[in-house]
Amino acid sequence: MSGQSSILDYPEQEFILPGNRLCAGCGVTIAYRFILKALGKKTLICVPASCLTILHGMYPKTPIMATTVNNTFAGTAAAASGFAAALKATGREDWHVLAMAGDGGTFDMGIQGLSGAAERGDNFIYVCYDNEAYMNTGTQRSSATPAGALTTTTPVRPKEQLKKDFMKIMDAHWLPYMAGISSAYPADVYKKFLKAREIKGTRFFHLSAPCPTGWAYPTKDTVKIGRMMVESCLFPLYEIENGRLSLTGKSLSIARSGGKKPIDEYLGLQGRFKKITAEQAAAFQRHVDEQWEALLARAGF
Amino acid sequence: MEQTLILTGAQAAAEAARLSRVQVVAAYPITPQSKIPETLSGYVERGLLKAEFVRVESEHSAMGVCIAASIAGARAFTATASNGLAYMHEQLHWAAGSRLPIVMPVANRGVGAPWTILNDCQDTISQRDTGWMQFYCMNNQEVLDLVIVAFKAAERLLIPCMVCFDGFLLSHTFMPVAMPGQQEVDSFLPPYVPFHTLDPENPVNINPVVLSDTVADPDGVPSPGYMGFRYRLQKSLEDGLAVIRQTGREFGELFGRSYEDPLFHYQTEDADFLFVAMGAIVGEASEAVDALRGQGVKAGVLGVRVYRPFPAAELYQALRQRRVVAVVEKAISYGYEGALASELKAAFYGKSGPAPVIFNYIAGLGGKDVATADLVQAASESIAAAKSGTVPDRAQWIGC
């Protein structure tokens, strides 16, 4: 696919039937829908205990139209490795293996297994859908929660520590492909998955998935919030192919033509930041600016 | 063609995996099991075994890989011991709950803290309630044979199986082992056929959240709740002993070593006194029996080869006419007594007629040597206490 993709370019087949059990306005489903359209029906999905378990429904009903296997919380990457090994051992390498885990199952509990699999270069695509807290269990803080956010385990004083830079950790595994993607930009998601599916080895996606329930904003604003994260360069869209970083989509146009927005409005729209101090907000902005400058430098701007 | 080789237990386990044509191996090294993944990775690299060897970063992932591989249709194998097995714990439940015929030798080792690398059976006994089958080997021939038998039984029952053998005492000790030929093993163990075949036209959602009650699916077909699934696992295990017996008999018909009997008998026919034990200690108990027979005591040994599913009826039959039984265990349910002793006593509960006086000895923890003399003394004390009616109310520790 080249240039601007049109809605007519996407496969018509849907792999998530209407009427799933996720919260209204969930950011995960938007991206998930396009991920599965890009990968197609020969996709074997593995999922830990997470919001996606809820999407996939309760036995004996499910809205998911691709084969899914649930695994233990810390076991997503190992499950993906096992599928990749079995498909190779039995001569069925035309299947894609897709691991879909949240930030809890990736940044925190799943990091050991993922690091092991990524170092081995096992043949699967791993998506961390990041809603910045343990949302499935009720918005407890994770290492992906940004400083300044209230959660149910930082209920009085907003979280003090910075969000872990997980892409840096994955970057240290010399992966053939990794990318930052956002639910607010499904065309960018689709395009990157078309590319990733043709690459062998461990491919890693960091998906920004805004969460109205945990972030406390109106359900209609998921795409708006997601766009603000990209427009403020808090969550840039990019890809890293064999170590070479390129900005994509909106982030590329900001790098070329400017228009980076401050994070104030983004913070102000969410109940989770209602107790953020002026000092914390300023530090947050400085942090975003520094990280964006570093990314620009690496991208050759 | 069968040939006899001199092998350690770890080598025997690796050879059995090769002969079983495992397709995915995922293992993390831990003393005293390490020789198993080392040997198999060499076989894979030299092309002697057509399998994917996944060099995982932990035991938790080793079992995670095996679970996924088995679901996707590959015969999956791993091996571990001690804290490595403990680290797998949630995955053990997941494997059994998923009804996957994974086979895992465990080179039995004590569990920390404090650290020990030496043998006892606390590691596997602590995993007793995960829904796995457990076989215990007396010697390296049984290690080789029972791994192959385990695959066939596991694939018939769709239940995973641990093949337990004592660390160092078997894992590192060379013994003659009759090695069956590949063709013969192939005729015994057909290729693995998974319960579910991957089909892009018929997608499924495996192991989703289930409710507590039976509910109708969209076509109105009643679908089990959580207890319904768990009951099916229990039912299969309860019925499984017959399948294990049949599989053991078939192995015997082909290779001359039958494992139809879940128990091992040594000098039991006329015995008044019996040791009951599992694993390599059965060999030591047999020596003690020879010594006791020399003193005129009608002693014997009953070895428990299949521990899960528990052969309660077979044990009851084998023990009901005896006077005194000493259960010698290399593990304990802390705060009470050895698990095997408790279960043996339970097998007699509610039965009328004769029953032996049952004693429990805890021995050999963390590699503590169990001398023949210790067992002879335990037998003599048990017989005397049974006679005088002074039965201790708790397990006796040997060598403390």
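I looked up the largest nonpolar core, which has 228 residues, and noted A:Ala99, B:Val24, B:Val147 and B:Val163 as those with the most contacts inside it. Such a core is a set of buried Ala, Val, Leu, Ile, Met, Phe, Trp, Tyr and Cys residues joined through C-beta atoms within 7 Å, a residue being buried if 20 or more other C-beta atoms, placed from the backbone, lie within 10 Å of its own. The model is a predicted one, in which local features need pLDDT of at least 70 and side-chain atom pairs count only at pLDDT 80 or more, while totals for chains, interfaces and linings use all residues. I number residues from 1 along each chain as its sequence is written, with chains lettered from A in the order in which they are written.

Helix H7 (residues 140–157) of chain B gives this core its largest share, eleven residues; helices (H or I, at least four residues) and strands (E, at least two) are DSSP runs, numbered from the N terminus.

I then turned to the contact between the chains, and found 39 residues of chain A in contact with 40 residues of chain B, contact being C-beta atoms, placed from the backbone, within 7 Å. On the side of chain A that touches chain B, H3(A) gives the most, with ten residues.

Last, I checked the strands: E2(A) and strand E9 (residues 205–206) of chain B pair in the parallel sense over two bridges, where pairing requires that DSSP finds at least two bridges between the strands. I noted B:Ile206, in E9(B), as the bridge partner of A:Val69.

Definitions and conventions:
Buried ≥ 20, exposed ≤ 12 C-beta atoms within 10 Å, placed from the backbone. Contact = placed C-beta atoms within 7 Å.
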